[in-house]
Amino acid sequence: MMRLVVGVPLLVLVTVLGFAAEMPGWTSADWAVAQVVQDGRNPVLTGIALLLRLGFGTEAGVVISLGLAVFALVVRTSEAVKALMVVLAGWGAGALLKITVDRPRPPVAHSMLGDLGAMSFPSGHVCLTAAVAVAAWVLVRRRWVVVVGVLVVAGQMLARVYLGVHYPTDVLAALIVVAGTSLIVLAGGLRPAGDRHPAASPLKGVSPGRLVRPPGT
């Protein structure tokens, strides 16, 4: 219940943030931070940024979603279903919010990818990357999964600003979107990693003859 209570306000908050980010003063501050990131451009960082773009683009998102759907059908566990829903909800909510806010992208002259269209808030790449990171944790609840997920998501956030296709607020908003949708999807809770079977009946192993019968029955 607490996850649901927190998740919904986060989505409301990020929607308000989207419209606020369109104000000229906010955009100017956003752009100033973006230019600091872009001043560090070099061939190595550009290669990493382009690799992250390819790994979590629209086509990759479709492949990942289909793969999780097949996996959920095969293994038939609640974790697999929730992992799929985390990705679909996070990525889908980001796309819907992008249409709703319709914030213009940074100046195309500074983009290393050319003109990608007008809608900038939130970053779809970061939404997908963060959602996949959460889904990975749902499936494999290990500390190293969290560490790798944090590094990849942080790298994607920097990459989108570095490539000149998003403002810092866009990538931050993507994290808020996925946090909100993930909390809502996982509101039902998760069983411990080793608990894959229903709890044993308290009467298991007790012979019928040892059961105490009420008087008169």
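These legends describe close-up views of a predicted model. Local features are given where pLDDT is at least 70 and side-chain atom pairs where it is 80 or more, while totals for chains, interfaces and linings use all residues. Residues are numbered from 1 along each chain as its sequence is written, and side-chain values use heavy atoms, without hydrogens or water.

**View 1**
Helix H2 covers residues 24–38. Helices here are DSSP runs of H or I with at least four residues, numbered from the N terminus. H2 has 15 residues and reaches 21 Å from its first C-alpha to its last. That is close to the 21 Å expected at 1.5 Å a residue; the expected span is 1.5 Å times one less than the number of residues. Asp30, Trp31, Ala34 and Gln38 of H2 are buried. They lie on the same side of H2, because they cover an arc of only 100 degrees around the axis. The arc is taken from the directions from the helix axis to the C-beta atoms. Buried means under 20% relative accessible area, exposed over 50%, and partly exposed in between, with a 1.4 Å probe and protein chains only. Exposed Gly25 and Val36 sit on the face of H2 turned away from its buried side. The cover over the buried residues of H2 includes helix H7 (143–162) and helix H8 (168–185).

**View 2. The salt-bridge network of Asp30, Arg103 and Asp170.**
Salt bridges link these three residues in a network. A salt bridge is a side-chain nitrogen of Lys or Arg within 4 Å of a carboxyl oxygen of Asp or Glu. Arg103 and Asp30 meet through their side chains at 3.0 Å, N to O. Arg103 lies in the loop between helix H5 (78–101) and helix H6 (124–139) and Asp30 in helix H2, so this pair ties together parts 73 residues apart in sequence. Arg103 also forms a salt bridge with Asp170, with the closest N and O atoms 2.9 Å apart. This second pair links the loop between H5 and H6 to helix H8, 67 residues apart. Relative accessibility is 1% for Arg103, which counts as buried. Asp30 is buried at 6%.

**View 3. The surroundings of Asp170.**
Asp170 is found in helix H8. Its relative accessible area is 0%, so Asp170 is buried. The Asp170 side chain makes a polar contact with the side chain of Ser120 at 2.3 Å. A polar contact is a pair of N or O atoms within 3.5 Å; within protein, one must be able to donate a hydrogen and the other to accept it, and residues adjacent in sequence count only if both atoms are side-chain atoms. Neighbours within four places in sequence aside, Asp170 is in contact with Arg103, Ser120, Phe121, Pro122 and Ser123. Contact means heavy atoms within 4.5 Å.

**View 4. The salt bridge between Arg141 and Glu79.**
The closest N and O atoms of Arg141 and Glu79 are 3.5 Å apart. Arg141 lies in the loop between H6 and H7 and Glu79 in helix H5, so the pair ties together parts 62 residues apart in sequence. Both Arg141 and Glu79 are buried. The structure holds three salt bridges.

**View 5. Helix H7 and its packing.**
The 20 residues of H7 should span 28 Å, and the end C-alpha atoms are 28 Å apart, which agrees. Buried residues of H7 include Val145, Gly149, Val153 and Tyr162. The buried residues of H7 pack against H2, helix H3 (43–55), H6 and H8. Gly164 follows H7 and has a positive phi, near 80 degrees.

Note on methods:
Helix = DSSP H or I, 4+ residues; strand = E, 2+ residues; numbered from the N terminus.
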